[in-house]
Amino acid sequence: MPTLNLKDVTEYVEQNIGTFHAKRLEKLKKLNFREVLKRKNPYLFKAKNILTAQDLVKNLLDAYLQSQEETLFGDFLEGVAIFVCQKVFGGVKSRVLEGIDLEFPKNGNYYIIEIKSGPNWGNSSQIKKMKDNFKNAEKALLKQNKNLKVVAINGCCYGIENQANKDGYQKICGQEFWQLISDSDTLYTDIIEPLGHQAKEKNEEFLKAYAKVVNQFTLKFAQDFCDEGVINWQKIVEFNSKRKPKVAKTTKPQAKKNK
């Protein structure tokens, strides 16, 4: 069985981390101020006693961008995990099994994995969907080979899970996840350094674009939601949450019947 060459992982990360930064910057440049304002909780920001337009804009922007970046970086880490597993176990991203991000054989087992960034990722309906995906994938695999010992895993790239055995699957996180897919007990820390490749340069470019967006949004916010320099919270809440007026249905006049 091949062993993992950390140099291969470093090269993969350095060649692909730029994609994460590019998508992050693209998301920032495409932001629409009013769309951001509609998606965030105005009551929370009022409760934090925010008094200036720029502070409010930065809070809104940072909260929105953080959720976007979690998704983008989660996709990138998924790619790293699949690359690593392919090198060691011949793992592949499933193209047939719905919801399965990675499948590979190891030590007599056949692993099917849904990869998530961290352990606190889903609500009950999302977890149920994952469990259904595992059941359907196992059925499909056993139909092809009834002797397969299928092991379903919810693998999380960071964090700790103290109770691995769940209802119909296992949940493993952090060091244990990276060890499972690579057979390396130190990979979870080894990948930290290459992830910082060109981070300083890319972040400087991002910060310039970020400052521009903050300035533009602050000006727009002050024009639309401030009265003589004071934030009008009622106007913000109405914009964010006021129901739309119901449109009255028009009835077409019935055609007169010919006598």
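Asp183 sits in the loop that connects helix 6 (175-182) with helix 7 (187-190), where helices (H or I, at least four residues) and strands (E, at least two) are DSSP runs numbered from the N terminus. This is a predicted model, in which local features need pLDDT of at least 70 and side-chain atom pairs count only at pLDDT 80 or more, while totals for chains, interfaces and linings use all residues. Residues are numbered from 1 along each chain as its sequence is written, and side-chain values use heavy atoms, with hydrogens and water left out.

Although Asp183 is not a glycine, its phi is positive, at about 65°, and this value falls just after helix 6. With a relative accessible area of 36%, Asp183 is partly exposed; on this scale, buried means under 20% relative accessible area, exposed over 50%, and partly exposed in between, computed with a 1.4 Å probe on protein chains only.

Asn107 belongs to the loop between strand 1 (102-106) and strand 2 (109-116), and Asn107 has a positive phi of about 50° without being a glycine. Its relative accessible area of 70% makes Asn107 exposed.

Which residues of helix 10 (residues 233-241) are buried? They are Trp233, Ile236, Phe239 and Asn240, and because they cover an arc of only 125° around the axis, they lie on the same side of helix 10; the arc is that of the directions from the helix axis to the C-beta atoms. The buried residues of helix 10 pack against helix 2 (33-39), helix 3 (42-47), helix 4 (53-89), helix 9 (199-225) and strand 6 (230-231).

At the start of helix 10, a side-chain oxygen of Asn232 comes to within 3.3 Å of the backbone nitrogen of Gln234. Asn232 is buried, with a relative accessible area of 19%, and, once neighbours within four places in sequence are set aside, Asn232 is in contact with Phe225, Cys226 and Asp227.

Further along, Asn240 is found in helix 10 and is likewise buried, with a relative accessible area of 19%. When residues up to four places away in sequence are not counted, Asn240 touches Leu37, Lys38, Arg39, Lys40 and Pro42. The side chains of Asn240 and Ser241 are joined by a polar contact of 2.6 Å, that is, a pair of N or O atoms within 3.5 Å, of which, within protein, one must be able to donate a hydrogen and the other to accept it, residues adjacent in sequence counting only if both atoms are side-chain atoms.

Asn240 also takes part in the lining of the largest cavity, together with Leu37, Lys40, Pro42, Phe45, Leu56, Leu60, Trp233 and Ile236. A cavity here is a set of points, on a 1 Å grid over the protein atoms alone, where a 1.4 Å probe fits but cannot get out, and lining residues have an atom within 4 Å of a point. The elements that give two or more residues to this lining are helix 3, helix 4 and helix 10, and helix 10 gives the most, with three residues. By class, the lining has seven nonpolar, one polar and one charged residues, where Ala, Val, Leu, Ile, Met, Phe, Trp, Tyr, Cys and Pro count as nonpolar, Asp, Glu, Lys and Arg as charged, and the others, Gly among them, as polar. The largest cavity has a volume of about 40 Å³, a volume being the space filled by probe spheres set on the points, with grid points joined across faces, edges and corners. The count comes to one cavity of 30 Å³ or more.

Finally, Leu207 lies in helix 9 and is partly exposed, with a relative accessible area of 46%. Leu207 and Leu25 are 182 residues apart in sequence, and their C-alpha atoms are 9.4 Å apart in space.

Methods:
Contact = heavy atoms within 4.5 Å. 1 Å grid on protein atoms, 1.4 Å probe; cavity = no way out; pocket = protein on both sides within 12 Å on 5 of 7 lines; lining within 4 Å.
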